[in-house]
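Let's talk through this one together, question by question.

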Amino acid sequence: MAKSCKGLAMELVKCLSESDCVKVENRPYRECAKEKAPKISSECVGLRETYFNCKRGQVDMRARIRGNKGY
C-alpha cells in the first residue's frame, strides 16, 4: 500500500521537469506543482490530481481494506 502511488509520483516529477516552470524559471518542483495550468501543462495538472487522489486513498479506511487503485 505504501508504494501504490510511487509510479504516479515519478510521472509527475518527470512531467514537471519538462515544464517551463522548472526549466526556465529554475523554481523547485514543490512550488511548480502548486501552479495552475498556464505555467504547467494540463497533463501535469491531471497527474497532480490523480496523485492527490491516490494519496488520499491511502488514508481512507474503506480503500485500505480493498487496497488502493495503484498506478
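Q: What makes Asn 26 count as exposed or buried?
A: The cut-off for exposed is over 50% relative accessible area. Asn 26 has 62% relative accessibility, so Asn 26 counts as exposed.

Q: Which elements does the chain have, and in what order do they run?
A: There are five helices and zero strands. Starting at the N terminus, the order reads α-α-α-α-α.

Q: Why is the set that includes Leu 16 and Cys 44 called a nonpolar core?
A: A nonpolar core takes in buried residues of types such as Leu, Ile and Cys, joined through side-chain atoms within 4.5 Å. The largest such core has 14 residues, and Leu 16, Cys 32, Ile 40, Cys 44 and Leu 47 have the most contacts inside it. At least two core residues come from each of helix H1 (6-17), helix H2 (20-23), helix H3 (29-33) and helix H4 (42-59).

Q: Which residues does Cys 44 touch, leaving aside those up to four places away in sequence?
A: Cys 44 touches Leu 12, Cys 15 and Leu 16.

Q: What share of the chain counts as buried?
A: Buried means under 20% relative accessible area, and 32% of the 71 residues count as buried.

Q: Which residues line the largest pocket, and how much space lies in it?
A: The lining consists of Leu 12, Val 13, Leu 16, Tyr 29, Arg 30, Ala 33 and Lys 34. H1 and H3 each supply at least two of the lining residues. About 170 Å³ of space lies in this pocket.

Q: How do you know how confident the predictor is, and which element has the lowest mean pLDDT?
A: The pLDDT score gives that confidence on a scale from 0 to 100. The chain averages 83, and 86% of the residues score at least 70. Helix H5 (residues 61-66) has the lowest mean pLDDT among the elements, 70, whereas H1 has the highest, 92. Where pLDDT is low, the predicted coordinates should not be read in detail.

Methods. Residues are numbered from 1 along each chain as its sequence is written. This is a predicted model: local features need pLDDT of at least 70, side-chain atom pairs count only at pLDDT 80 or more; totals for chains, interfaces and linings use all residues. Side-chain values use heavy atoms; hydrogens and water are left out. Buried means under 20% relative accessible area, exposed over 50%, partly exposed in between (1.4 Å probe, protein chains only). Helices (H or I, at least four residues) and strands (E, at least two) are DSSP runs, numbered from the N terminus. Contact means heavy atoms within 4.5 Å. On a 1 Å grid over the protein atoms alone, a cavity is a set of points where a 1.4 Å probe fits but cannot get out, and a pocket is an open set with protein on both sides within 12 Å along at least five of seven lines; lining residues have an atom within 4 Å of a point. Grid points are joined across faces, edges and corners, and a volume is the space filled by probe spheres set on the points.
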